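Student: Could we go through this structure together? I would like to learn how the terms are applied.

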Amino acid sequence: MSTPTSFSRHKKWVTQALTNHQSFKAYIEPLVQMVKPSWQASDCNAEVMDLRNESEQVYSLVLKPSKKWMRHTAGQYVHIQVTIEGVRYNRTFSVSSSPKHHEVSGLIELTIRKQEHGKVTQWMAQGLKVGDHISLTQAQGEFTLPNHQEPLLLIAGGSGITPFRSFLQQLAASHSTSDVHLIYYNQSIAPLFAIEWQQLSQAHPNFKISLIDTQISGLISAQQLHKTCPDFDQRKAYLCGPHGLITTCRDLLIEHGVAKTDIYHELFGPKPVSKPPSITNQNQASTVTFAQSNRLVNAQSQQSLLELAEAAELNPPSGCRMGICHQCKCSKKQGVVYNTLTNTYSDTGTEDIQLCVSIAVGDVTLDF
Amino acid sequence: MKHKESIDFTALADEFDQINASVKSQLGSQDADYIRRIIKIHRLAEISGRIILMLCFFSLWFLLPGMLLLALAKILDNMEIGHNVMHGQYDWMNDPNINSRNFEWDIASDSGSWKRVHNHEHHTYTNIIGKDRDYGYGLLRMSNDLPWRKKNRWQFFTYLNLSLLFEWGIAYHELAAERVFVGKKKKDRTSSLSDSELKRMFFSKAGKQLFKDYVFFPLLAGPMFLYVLAANVGANLIRNLWTSTIIFCGHFTENVQTFTEAECKGESKGEWYYRQMLGSSNLTGPKWFHIMTGHLSCQIEHHLFPDIPAFRYYELAPKVEAIAAKYGIPYNSGSFFKQYGTVLQRIWTYSWPDKAAHKINEDHQQTEN
Ligand code: FES
């Protein structure tokens, strides 16, 4: 008698033999799409229910995920996929609404900032219409609302507020009595969801919300923290926002005796895509991360990623070394590369690149 | 034809690089929609073919359309979809199912081995005798670069067999290229895979193909086992004949040239383009014909731009031909029957020692004039 594992192994073998695909669903996907254009074998589907502007630069996408989508825990994120001009792009966003909200209405919200040179976030704001379908993954991530009742300190910067909106909405909806203090930093722009914060703190005396404009009150400091939240060192700390905020804040908390294990953080948002610097006068060094081999290598400009990997003795497969054979294909997780053959810059997200004709522009992470 | 020395290879490379970059910048929904449409047609043909074959229970006449549909599906899968997807022509779509890294096709050889040998060796070292093993597949003497041997007398017969069993020939050929079964290792092999891994992949893929066409579906037909088996054999044979015929028309027509390793040492990008043009030949024909050949009917364009979506070759062809004329480079194009005629002639000519030598002398005189 065969064990379940050997059964699934045989099933996989037969599927591959009959369809040349990893799953039967993937094989029939093109046919199903004739009837249901948005259907995909992997991932779930979601219908766009609304696109609501939160500010000039920020909008919330209201989605109704299909039944296949399970549920999220407050603080988790999803990868979504949109197709622009025939190209599929993947992006990651925190769910900014609460699981309770999804339970009741079947809806989730993603709050998205239009990146200055970002192709996808700009396109979605214009190109997505109510009734369109996009595909999304199940929720992922460990930066989640804790189960315990201990007092919390939430510190957010800019769009890093989104998981905390989910935290607070969830706590409010479940009538929690937890003592929560949210400090929300912004630089000379109005805080997101300003009205909601007001309503929440009025309705729930156990929520304290401080909005700080760094332009006026300065960047985070010990003094400021003491003033805003005197018992900050008695709380479990959750930090979400840009790199600078997180590191400063973390150091500060540790300095004041908060245990490392009581600090949770999530680096937020892609690093802003500055306009790609021109290759020729780029003299700032960039770091290439080979994720699977766990190696960091400093890139010299003009050096192809293939040469770089070989210099680091990683020996990726290669062939023609001139951009023809595609043997050197490798999945790029993050960062921008410049293609010396087509003289173009890549997207920032996940995609396959040819190592032999790619040069790193800024920091790049490769799945190798 | 101009002498090689008088061609401005830098300018030539610029012109082709420009075409390459301009097409790449246009890639978009049109290309994505096209390949998805072809994939849909493939699925419809394959599924309906298999179903119709099962109907032979009612009348044996169903075998014929069933077999033809299945052959059509296999040809589309191998030529317009598989070959092109595995060249990375659609990788920019970022769709894992239409991607050179993941694609597996309906043919005996596994995609990984094929990509290593074909994309790298054949496309980089096109028609360099000794480096491009696709030149004659190590079985046929297709030019006087190889000395005549007794076995060449039978090569017309060998060719017919190769055509009929093409998928197996190719699958074996790929492993032979790595000298997995016999002979000495190549010194400069690029593959980091061991022989046993290569063998395992060969047998695993071959096993799957045999299981599908010669065990699973015939068994599904129950009492009609032998009929469905025969129809599946038929579909594979049709595909083999078609693909081998088209591929031979791409590199072995009358005027296609060969090169020596020494000639190509340290060649520039422009010279590489030049070699691709001299080493390939095109076929003219209606649109459906181009699709069925996977646009290998535009072999010249394919060799110049192997990773541009193939259905665009057709519109690129006039531009390439104009550039060829401008630089005095031959552009070898003709109807299927004309080109195929010269292929058969070539196989025949080089079957014999004397005629071949005679022919070369003539060729040499012509180039000198
Ligand atoms: S090594 Fe051939 S494309 Fe990079």
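Tutor: Gladly! Domain bounds come from an automatic or database domain assignment. For chain A that assignment gives domain 1 (1–32), domain 2 (33–136), domain 3 (152–267) and domain 4 (286–366). This is a predicted model, where local features need pLDDT of at least 70 and side-chain atom pairs count only at pLDDT 80 or more, while totals for chains, interfaces and linings use all residues. Residues are numbered from 1 along each chain as its sequence is written.

Student: What makes residues of domain 2 and domain 3 of chain A part of the contact?

Tutor: Contact means heavy atoms within 4.5 Å. By that rule, domain 2 of chain A brings 19 residues and domain 3 of chain A brings 14 residues.

Student: Why is the link between Arg165(A) and Glu109(A) called a salt bridge?

Tutor: The term asks for a side-chain nitrogen of Lys or Arg within 4 Å of a carboxyl oxygen of Asp or Glu. Here the closest N and O atoms are 3.0 Å apart, so the pair of Arg165(A) and Glu109(A) qualifies. Between domain 2 and domain 3 of chain A, the count is one salt bridge.

Student: What does the buried area between domain 2 and domain 3 of chain A tell us?

Tutor: Buried area is the accessible area (1.4 Å probe) that two parts lose on being put together, summed over both. For domain 2 and domain 3 of chain A this is about 1300 Å², with 53% from carbon and sulfur atoms. Ser96(A), Lys100(A) and Arg113(A) supply 34% of what domain 2 of chain A buries against domain 3 of chain A, more than any other three residues.

Notes:
Chains lettered and ligands numbered in written order. Heavy atoms only, no water.
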